[in-house]
Amino acid sequence: MGKLFSLIVLLAIGYVGIYIYYGVAVKQEVQQQLNDRGLSSVSVDNVEYGVFAPISTSAELTVTVTYRGSQAAVNMVVEGHPVFSDDVSVEFDGLQALRLGIGFGQ
């Protein structure tokens, strides 16, 4: 019984590692896609995705991007696996939220 528990804990730790690395890889891929299209001043702040996204080849995610004080949450679809595959496409799905910041002075 102890070996089974150890195996489950080891698999869980491995999955958490892949889950975290998946977020980093998706963030880098989205930023690279933005840079390739001449939008290098747009920065990717946050990537949200489901629990099972790292084990599928197609995932829906929400990306929060910032441009000069304005922030937008964008729905995107990732086709392919950014960790295990070289063939990855990121497609814009829709705008979820837009927050504009207005500053005075300086």
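Where is the place of Arg68? Arg68 sits in the loop between strand 2 and strand 3; helices (H or I, at least four residues) and strands (E, at least two) are DSSP runs, numbered from the N terminus.

This is a predicted model, in which local features need pLDDT of at least 70 and side-chain atom pairs count only at pLDDT 80 or more, while totals for chains, interfaces and linings use all residues. Residues are numbered from 1 along each chain as its sequence is written, and side-chain values use heavy atoms, with hydrogens and water left out.

**View 1. Arg68 in its loop.** Phi of Arg68 is near 50°, which is a positive value in a residue other than glycine. Arg68 is exposed, with a relative accessible area of 72%. Here buried means under 20% relative accessible area, exposed over 50%, and partly exposed in between (1.4 Å probe, protein chains only).

**View 2. Residues 6-24, annotated as a transmembrane region.** The annotation comes from an unreviewed UniProt entry; UniProt positions are given in the numbering used here, feature names are shortened, and annotations may be inferred rather than shown by experiment. In the model, residues 6-24 are 100% helix and 0% strand.

View 3. Ile8 belongs to helix 1.

**View 4. The largest nonpolar core, around Val30, Leu61 and Val63.** Of the 19 residues in this core, these three touch the most other members. The elements that give two or more residues to the core are helix 1 (2-36), strand 1 (43-49), strand 2 (58-67) and strand 3 (70-79). Such a core is a set of buried Ala, Val, Leu, Ile, Met, Phe, Trp, Tyr and Cys residues joined through side-chain atoms within 4.5 Å. Among the residues that Leu61 touches, not counting those up to four places away in sequence, are Val26, Val47, Tyr49, Val74 and Met76. Contact means heavy atoms within 4.5 Å.

**View 5. Glu91 and Asp93 in strand 4.** Strand 4 covers residues 89-99. Glu91 is partly exposed, with a relative accessible area of 42%. Leaving aside neighbours within four places in sequence, Glu91 is in contact with Asn75, Met76, Val77 and Glu79. With the corresponding neighbours left out, Asp93 touches Asn75, Met76 and Val77. The C-alpha atoms of Asp93 and Asn75 are separated by 5.1 Å, and these residues are 18 apart along the chain.

**View 6. Leu95 and Arg99, also in strand 4.** Beyond neighbours within four places in sequence, Leu95 is in contact with Ala72, Ala73 and Val74. Arg99 touches Thr64, Gly69, Ser70 and Gln71, again not counting residues up to four places away. At 40% relative accessibility, Arg99 counts as partly exposed. From Arg99 to Leu11, 88 residues apart along the chain, the C-alpha separation is 40 Å.
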